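Here is a short briefing for a first look at this structure.

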Amino acid sequence: MATTKVITELTNLNQANSESGLRMPTGGAFSGTPAEGMMRNDTTQSSASSASTMQHYNGTDWKNFVNVVQCTTTTCNYPTTATALYQMEDDGGVGNSIPDTCGNYNGTEVAVTYTTGKFGNAASFNGSSSEINLGNSQVFSVTNTGEISFSLWIKTTDSAAYVYAKGDDSAIKYEQNLYLNSDGTLVAGIYNSAQNLAATINTTATVNDGNWHHVVVTIDNGTSMSVYIDNGTPVTTTSWTGTVVYQSTVPFFLGAFEGIPSGTSKLDGELDQVRVFPSVLTASQVTQLYNEVAC
């Protein structure tokens, strides 16, 4: 006959008196010395429909049980309310249209092709004629809400090119841009009503080594601007001169600057997962974007 042995020192198992079932230790750190076979509920990561992930200790490391990780690359309003999401998978099968997954701001491409990206495919720019025109809606201007953020992945070996720009050099109308320097660093600039720089940032980290890099630019109108590269410490300026004016006739371009000769403006490289937000992203939100999970 089978017998049951109760080991009294293990009967509690972190179970509250008012609850039924077993309750695993939670958190992302283990205060004691783990032993093979132990389980815990890791609250520092998430799985499908859950803000935590069950793990077991295999004698060496904590390992996840089979979990389906919640993908985010097609999720609108991740990690906060978004204006637009350009996944750069293809032209959407509609002429030269670049679909906005999360809004109504489809772009128009010229000489853009598609290649293997950071997530699925990416838009490939040839450095001479490629560009994506997102239109002149005020949602791409910091004057819309007083705050704006751009998140994107870039892969390039180029230099002296625009990653994005809202301006028209031939009409002498400027609003904002992100420029790739000859040394591979980035310059973010925003202009005031006098068409002079209201604020500018020059990064020290480089992005033109042929690898994928995550870039986030945040702007708080009249107050500050920051640039994050690969989830690192942001470069920030609080020096601000003048007032930004919405340039209603000037389109927002990816990979180009309107009115500037292609040899000194067009991007040669790839862009992927371009997101626009009507707010200043926090450092934790930048981290979430850096850790996006492909769908």
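The link of Cys 71 and Cys 295 is right-handed, with 95° about the S-S bond. The model is a predicted one.

**Cys 71 and Cys 295**
- The sulfur atoms of Cys 71 and Cys 295 sit 2.1 Å apart.
- Cys 71 is partly exposed, at 23% relative accessible area.
- Cys 295 has 53% relative accessibility, so it counts as exposed.

**Cys 76 and Cys 102**
- A disulfide also joins Cys 76 to Cys 102, with 2.1 Å from S to S.
- Cys 76 is in the loop between S3 and S4, and Cys 102 is in the loop between strand S5 (97-98) and strand S6 (107-110), 26 residues apart.
- The link of Cys 76 and Cys 102 is left-handed, at -95° about the S-S bond.
- Cys 76 is partly exposed at 32% relative accessible area, and Cys 102 is partly exposed at 22%.

**The overall disulfide pattern**
- The whole structure holds two disulfides.
- Counting bonded cysteines along the chain, the pattern is 1-4, 2-3.

**Tyr 57**
- Tyr 57 belongs to strand S2 (residues 53-57).
- Tyr 57 has 11% relative accessibility, so it counts as buried.
- Beyond its neighbours within four places in sequence, Tyr 57 contacts Pro 34, Ala 35, Glu 36, Gly 37, Met 38 and Trp 62.
- Tyr 57 and Ala 35 are 22 residues apart in sequence, with their C-alpha atoms 6.7 Å apart in space.

Terms used
Residues numbered from 1 in each chain as written. Predicted model: local features only at pLDDT ≥ 70, side-chain atom pairs only at ≥ 80, totals over all residues. Heavy atoms only, no water. Helix = DSSP H or I, 4+ residues; strand = E, 2+ residues; numbered from the N terminus. Buried < 20%, exposed > 50% of the residue type's maximum accessible area, 1.4 Å probe, protein only. Contact = heavy atoms within 4.5 Å. Disulfide = S-S within 2.5 Å.
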